Amino acid sequence: MPFLASSSYRSPLHLGGHFQTIYPSYFSQAPQVDYTREKLPLDDGDYLYLDWAKCSAPTDELLILCHGLCGHTRRHYCLSMVHAFREIGVDCLAWNYRGTGQVDNQTLHITSNNSTGDLHKVVTAALSRGYRKIYLVGFSMGANLIFLYLGREWALVPPEVRAAVGVCGPIDCPASIQASHRALCGIYEKHFVRKLKKRAEAMAKNFPELDLSPIMKARSFQEFDQAFTAPLLGFPTAQDYYRTSSAFPHLEKIRVPALLINPVNDPLLTPNCFPIQKAQENPCFYLEIPQDGGHCGFLTPKGQEWWPAERAREFIRSVVHAPENTAAS
């Protein structure tokens with residue numbers, strides 16, 4: 001421990017990682033949530049848009065949710081987490097990334113795998129509201145971002161951040177980019193690149209200095225990030241951006257109880273996304289490897305709570321109430 005050799009997740013259908021990835025994205029239903037939106041100003045003149053879902057009674061506990069690439073705060077996985085944690089009296093805050101298309105950018109910038117500064121700004125804003133127990137939960141890109149924040153930026157992480165959970169985190173970005181290129185004849189890559197190009201087009205309407213010609217020619221993550229993401233964020237190449245943004249090299253520095261749930265059959269994960277040795281060496285880094293789940297799919301029988309929401313709540317409550325981390329398994 002904290003490598004968890006077994007997982008409580010059992011898929012009701014064993015139809016492979018691709019089915020378990022694609023089907024829930026279109027057919028999963030989650031309880032609806034009435035968010036209250038807040039516009040959070042940033043130092044560079046831009047804004048983050050925070051969606052709050054508070055409990056009826058005051059609390060000093062807050063769950064901060066980080067969605068995936070091209071995601072948003074109303075994806076089923078965010079709504080399921082909000083429902084799970086409000087049931088136990090924890091306020092929830094889901095934040096929309098810059099450049100997701102949910103709101104217009106005020107600056108030519110995006111939230112990326114490397115944007116630990118944006119996440120820290122959200123955490124700092126939560127502290128200013130009086131929260132004293134903060135939990136982080138992220139999916140896919142959001143999971144990598146959380147673990148990068150907890151590891152690379154460990155000296156900045158406030159002590160009020162008490163626990164974290166990442167689901168399907170591509171913590172080795174260069175390898176996961178290649179995996180998306182190969183998986184299912186590149187269908188995932190094509191899907192995301194198409195969305196990313198549309199968002200670049202939308203940004204260009206407000207920022208005519210953005211040259212769309214090389215961006216619209218991109219046919220892969222590598223080509224898109226070389227033409228758009230890397231130069232926008234000040235990286236010389238897409239590969240340099242991927243290496244800098246990967247949480248994998250920083251896992252040993254994590255000092256907050258943090259659980260990474262990465263399924264064996266996730267088509268977007270690669271060997272370094274299952275860092276068993278790092279979990280065995282760092283008592284704060286927990287690793288759980290279910291056999292099934294796909295990429296953020298986790299088929300769950302109708303009428304039952306979505307398993308990652310149940311597991312995240314279980315883990316966070318266990319480490320918060322058991323400082324020696326003896327109850328997390």
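Is Glu61 buried or exposed, going by its relative accessible area? Glu61 is buried, at 11%, where buried means under 20% relative accessible area, exposed means over 50%, and partly exposed lies in between (1.4 Å probe, protein chains only).

The model is predicted, so local features need pLDDT of at least 70 and side-chain atom pairs count only at pLDDT 80 or more, while totals for chains, interfaces and linings use all residues. Residues are numbered from 1 along each chain as its sequence is written, and side-chain values use heavy atoms, with hydrogens and water left out.

View 1. Nine strands make up an open sheet with mixed pairing, in the order E1-E9-E8-E7-E6-E4-E5-E3-E2. Helices (H or I, at least four residues) and strands (E, at least two) are DSSP runs numbered from the N terminus, and two strands pair if DSSP finds at least two bridges between them. Strand E1 (3-4) and strand E2 (36-41) are the edge strands, each pairing on one side only. Elsewhere in the sheet, strand E7 (residues 161-167) runs parallel to strand E8 (residues 258-261), with four bridges between them. Val165 has Leu259 in E8 as its bridge partner.

**View 2. The hairpin of E2 and E3.** Strands E2 and E3 are antiparallel and are joined by six bridges. Pro41 stands opposite Tyr47 in E3. Five residues separate the two strands of this hairpin, and Gly45 in the turn has a positive phi of about 95°.

**View 3. Helices on the sheet.** Helix H4 (residues 141-152) lies across E4, E5, E6, E7, E8 and strand E9 (285-288), and runs at about 135° to E6. For such angles, axes are lines fitted to C-alpha atoms, for helices over the stretch in contact, and the angles run from 0 to 180 degrees between N-to-C directions. Contact here means heavy atoms within 4.5 Å.

**View 4. Glu61 and Arg317.** Glu61 forms a salt bridge with Arg317, and their closest N and O atoms are 2.6 Å apart. This pair links distant parts of the chain, with Glu61 in strand E4 and Arg317 in helix H11 (residues 307-321), 256 residues apart. A salt bridge is a side-chain nitrogen of Lys or Arg within 4 Å of a carboxyl oxygen of Asp or Glu. While Glu61 is buried, Arg317 is partly exposed, with a relative accessible area of 22%. Searching the whole structure gives 13 salt bridges.

**View 5. Two further salt bridges.** The side chains of Lys278 and Glu252 also meet in a salt bridge, at 3.1 Å from N to O. Lys278 sits in helix H10 (residues 276-281) and Glu252 in the loop between helix H9 (238-245) and E8, so this pair, 26 residues apart, links distant parts of the chain. Lys278 is buried at 19% relative accessible area, whereas Glu252 counts as partly exposed at 44%. In another pair, Arg152 and Glu153 come together with 2.7 Å from N to O. Arg152 is partly exposed, at 22%, and Glu153 counts as buried, at 18%.

View 6. Most residues other than glycine have a negative phi. Ser140, in the loop between E6 and H4, has a positive phi of about 55° and is buried at 13% relative accessible area. Cys168 has a phi near 60°, also positive. Cys168 is found in the loop between E7 and helix H5 (173-182) and counts as buried at 0% relative accessibility.

**View 7. Ser11 and its contacts.** Ser11 lies in the loop between E1 and H1 and is buried, with a relative accessible area of 6%. Leaving aside residues up to four places away in sequence, Ser11 touches Gln20, Asp292 and Leu299.
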